Amino acid sequence: MLAPGQAAPSFELPDADMQEVSLSAFKGKKNVVLYFYPKDGTPGCTLVTTDFSDHENEFVKHDCVVVGISRDDCLTHADFRDRNGVTIALLSDPEGEVCRKYGVIQHKETDGVRRECLVRSTFVIDKKGVIRHAAYGVNPRGHAMEVFDLVRRLRS
């Protein structure tokens, strides 16, 4: 698990339009809210994604970009985005490489079958690329505004 004060692991992943997005593109320019969610279209994931999207302008006013990552593919992200009016970037990590770097993959066993599960998690990364806040296993209800409160307190 990652903790505040650590350098945020770098990544480059495609968004819903298959355009590459990298963490390094924001370094020195923007704070980043990076949240990981299990699956497009599920109730909790839809709630947290639309909340972040609905409040995107407030994050922008505080020099912050919001980026969501799941293991869904780009086409699934595009459909999810379009159906729900999502405006924030949704990145695809189908192999789970970035998910593993951030420690958001857990192994669960159900009926004797062991499988990987993505734990809903959020990281606030400052302009220097340092993690300022890390939360694992977050509750989607009200989460976007909790994170916004953390972003408001960041010093540029």
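The model is predicted, and local features need pLDDT of at least 70, side-chain atom pairs count only at pLDDT 80 or more, and totals for chains, interfaces and linings use all residues. Residues are numbered from 1 along each chain as its sequence is written, and side-chain values use heavy atoms, with hydrogens and water left out.

Turning to the buried side, α3 has Cys74, His77, Ala78, Phe80 and Arg81 as its buried residues. These cover an arc of only 165° around the axis, so they lie on the same side of α3; the arc is taken from the directions from the helix axis to the C-beta atoms. The packing partners of these buried residues are β1 (12-14), α1 (43-54), β4 and β5 (89-92), where contact means heavy atoms within 4.5 Å.

Both ends of the helix deserve a look. At its start, a side-chain oxygen of Asp73 comes within 3.2 Å of the backbone nitrogen of Leu75. Just after α3, Gly85 adopts a positive phi of about 65°.

The loop between β4 (64-70) and α3 holds Asp72, which counts as buried because its relative accessibility is 9%. A polar atom of the Asp72 side chain lies 2.6 Å from the backbone nitrogen of Asp40. Leaving aside residues up to four places away in sequence, Asp72 touches Pro38, Lys39, Asp40, His77, Ser92 and Asp93.

Conventions
Helices (H or I, at least four residues) and strands (E, at least two) are DSSP runs, numbered from the N terminus. Buried means under 20% relative accessible area, exposed over 50%, partly exposed in between (1.4 Å probe, protein chains only). A polar contact is a pair of N or O atoms within 3.5 Å; within protein, one must be able to donate a hydrogen and the other to accept it, and residues adjacent in sequence count only if both atoms are side-chain atoms.
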